[in-house]
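Have the viewer open as you read.

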Amino acid sequence: TGRNQSKNTLKILSQKTGMEYTAFAPALTPYDGGEYGIGVLSKYPIESFEYHQLPMLTPTEEQRVILHAKINVNGFILDFFVTHGQQSSISQQLKAANEYIKQCPTFIYVGDYNTNSYGLYKYVENSRPIISDEAPRLTSESHSFDNILLSNDIEYNVKSVRTIDTKHSDHYMLLVDV
């Protein structure tokens, strides 16, 4: 878009990180001379991906989507979801996202949910958030809008959770080692 000088941000990030596999889901197109949306970078092959529009409460809200990538991790197909929620309709969007996610027994669901109400994650069945009331973490100067939800069947230990202020966004980069 014009906002980022018409650069392909996903391609740039792919080159800088060495993660050659990408998937992109436009939420707004056309938008400011290009497309605006969400993406996935992976060091593992993305076998396929699809995206779905999420509900809006009013016609003035920006359209939001959920991207579903099937990632081949050493022969295991992992269902990976990402979204950028709308603060005013996040409850409805999480409920709608759950309709897609609940078809997948093992999943990771990440994003900027635009809520710091951890109780809303209950709408995503069979999951638990990395950041919660028990383990709070700011992902911006004043809020904890970003999170990672793991399906309950994933056994894990959180080795570290940290954030980095890259100055590239109003949100910090969330890094979790599990």
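What follows covers the model, its nonpolar core and its ring pairs.

## Ground rules

This is a predicted model, so local features need pLDDT of at least 70 and side-chain atom pairs count only at pLDDT 80 or more, while totals for chains, interfaces and linings use all residues. Residues are numbered from 1 along each chain as its sequence is written, and side-chain values use heavy atoms, with hydrogens and water left out.

## The core

The largest nonpolar core has 37 residues. Such a core is a set of buried Ala, Val, Leu, Ile, Met, Phe, Trp, Tyr and Cys residues joined through side-chain atoms within 4.5 Å; buried means under 20% relative accessible area with a 1.4 Å probe, protein chains only. V40, L94, I101, I108 and Y109 have the most contacts inside it.

Elements that each supply at least two residues of this core include β1 (21-31), β5 (76-84), α2 (90-101) and β6 (107-112). Helices (H or I, at least four residues) and strands (E, at least two) are DSSP runs, numbered from the N terminus.

## Around Y109

Skipping neighbours within four places in sequence, Y109 is in contact (heavy atoms within 4.5 Å) with residues including I66, F81, L94, I101 and L149.

## Ring pairs

There are four aromatic pairs (Phe, Tyr or Trp ring centres within 6.5 Å, using the six-membered ring of Trp; planes under 30 degrees apart are stacked, over 60 edge-to-face, the rest tilted) in the structure. F81 and Y109 are edge-to-face, because their centres sit 6.4 Å apart with planes at 85 degrees. That pair joins strand β5 to strand β6, 28 residues apart, and both F81 and Y109 are buried.

Y113 and Y121 also pair edge-to-face, with centres 5.2 Å apart and planes at 80 degrees. Y113 is buried at 0% relative accessibility, and Y121 is buried at 3%. Ring pairs link F81, Y109, Y113 and Y121 into a cluster.

How values were computed:
Buried means under 20% relative accessible area, exposed over 50%, partly exposed in between (1.4 Å probe, protein chains only).
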